[in-house]
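Please open the structure in your viewer and keep the sequence panel beside it. The tour below goes from one selection to the next and says what is found at each stop.

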Amino acid sequence: MTKSLLSCLSIGLLSLMLGCSSCSKASTTTASSTASSGGTAEVKPAKTLMTGADQTQKYVPYLKGKKVAMVVNPSSIIGGKSSVDSLLASGIQIVKVFGPEHGFRGNASNGAKVDDEVDAKTGIPIISLYGKKRKPSKEDLAGVDVLIYDIQDVGVRFYTNINTLRDVMESCAEHNVELMVLDRPNPHAYMIDGPILDMKYKSGIGQFPIPIAHGLTVGEFAQMVNGEGWMEKGLKLNKLNIIKMANYNHDMPYVLPVNPSPNLNTPQSVMLYPSLCLFEGTIISQGRGTHMPFTVLGAPALKGKYDFTFTPVSIKGMSETPLHMNEACYGLDLRNYDVEQLRKKRQINLSWMIELYKAYPEKARFFDSSYSKQMGVIERLAGVADFRKQIEEGWSEEQIRKTWEPGLKAFKEMRKKYLLYP
């Protein structure tokens, strides 16, 4: 092989390396290149996002010799393995596991009560926080030195994990137990949008005066709960230890490695959830009872107005009695919707709500939750009284958003005090 050919190959390889270094994946920061004094380019490897859980060197030595309890679900992983199983293998003494909605191993449907049990794999007692009790009791925490909260959240007010976070913070504050939060990315951290919850509509799907999408990680949210006095009786948690992520920022795209719950079973459903969950306060099915929940919208009464159709059925572990069960629903197929549009606008999509209300033939039934036990109350989902009226009166998206602006401005300013990442 000639010297000139070797030279060409070397230059080509170097160009390829430099070109690839400018591309970043969802879980990495952008790589950079710098020129050395010799004139050749030095390619620096991309910095990989690391969750708090994955940085075991920051907390495993500290946990040695302590009695540990954990609040976990299937999204709680260390390097692809259950964080409970991983920490047990590292010699950590885990004495109890607390399971939130859907349970520790994720086999309970949306809203289904979960009973206490013993984990078949590890023999560790599992205490449900989504059944007879919502937070650990004094007896539950007796002898526990550190309670670890490690659950993937999706950054939306009506996703109940943040309620569980507040509840365990209260228990730890009451009984002088340290809480350690293993921080994880918020896939919607780029977005702060929606009306601020009017606390007279406080419910199980809205317990804080925050917008629909709050733009915080769980670690940041824990700091906000503590700092804003959102625990009962003015409690403050003195022992809050947050294991921060490495190489993370709020604008970073992030594809969850594990489905956060049974009905958020694809990356598309996760990205559409802040916009589509509002439909739980309407007669429109969001696809519960199918294997494509939160990516489709429809109802039987829309037949003739839309060609796309789906039929909800009973699916164990996902939705046993879905809205419009065994009825063909007609509407919108959003499985191929470009979710980058949401990232660019940094807003939830209201156009689908406006469109389907206009298309629905029986307007009086659209928000009438008495039609089915599977329908929620729109005031609780939206968090305000005005939203229903605005849709019914035909307000534009721009007009609706203007009513949110004062509350969002105040929230964004308050939020700055609790940020851990740029």
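In what order do the three strands of the open antiparallel sheet lie? The order is S12-S14-S13, where strands (E, at least two residues) and helices (H or I, at least four) are DSSP runs numbered from the N terminus, and two strands pair if DSSP finds at least two bridges between them. Before going further, note that this is a predicted model, in which local features need pLDDT of at least 70 and side-chain atom pairs count only at pLDDT 80 or more, while totals for chains, interfaces and linings use all residues. Residues are numbered from 1 along each chain as its sequence is written, and side-chain values use heavy atoms, with hydrogens and water left out.

Select strand S12 (296-299) and strand S13 (309-310), which are the edge strands, each pairing on one side only.

Next, select Leu356, which belongs to helix H8 (residues 351-359). Leu356 counts as buried because its relative accessibility is 0%; buried means under 20% relative accessible area, exposed over 50%, and partly exposed in between, with a 1.4 Å probe and protein chains only. Beyond its neighbours within four places in sequence, Leu356 is in contact with Phe279, Ile284, Leu297, Leu302, Tyr306, Leu332 and Phe366, contact meaning heavy atoms within 4.5 Å. Ile284 is 72 residues from Leu356 along the chain, and their C-alpha atoms are separated by 8.3 Å.

**The seven-stranded sheet**

Now display the open sheet of seven strands, which follow the order S7-S8-S6-S3-S9-S10-S11 with mixed pairing. At its edges stand strand S7 (117-118) and strand S11 (240-243), each with a single partner strand, so one side of each has no neighbour in the sheet. Helix H4 (residues 161-175) packs on this sheet, touching strand S3 (67-72), strand S9 (146-150) and strand S10 (178-182), and its direction makes about 170 degrees with that of S9; axes are lines fitted to C-alpha atoms, for helices over the stretch in contact, and angles run from 0 to 180 degrees between N-to-C directions.

Within the sheet, strand S6 (residues 93-99) pairs with S8 in the parallel sense over three bridges, and Phe98 stands opposite Ile127 in S8. Select Ser128 as well, which is found in strand S8 (residues 125-128) and is buried, with a relative accessible area of 3%. The side chain of Ser128 reaches the backbone nitrogen of Tyr130 at 3.0 Å.

Turn to H5, which lies across S9, S10 and S11 and runs at about 160 degrees to S11. Eight of the ten residues of H5 are buried, so this helix is largely enclosed by the rest of the structure; among them are Phe221, Met224 and Val225. These buried residues pack against S9, H4, S10, S11 and H11. After H5 comes Gly229, whose phi is positive, near 70 degrees.

Finally, select helix H11 (residues 397-415), where Ile400, Arg401, Trp404, Leu408, Phe411, Met414 and Arg415 are buried. The buried residues of H11 pack against helix H5 (218-227) and helix H10 (386-392). Follow H11 to Glu405, where it bends by about 40 degrees, with a proline, Pro406, following within four residues; the bend is the angle between axes fitted to the seven residues ending at a residue and the seven starting there.

Conventions. Polar contact = N/O pair within 3.5 Å; in protein donor to acceptor, adjacent residues only side chain to side chain.
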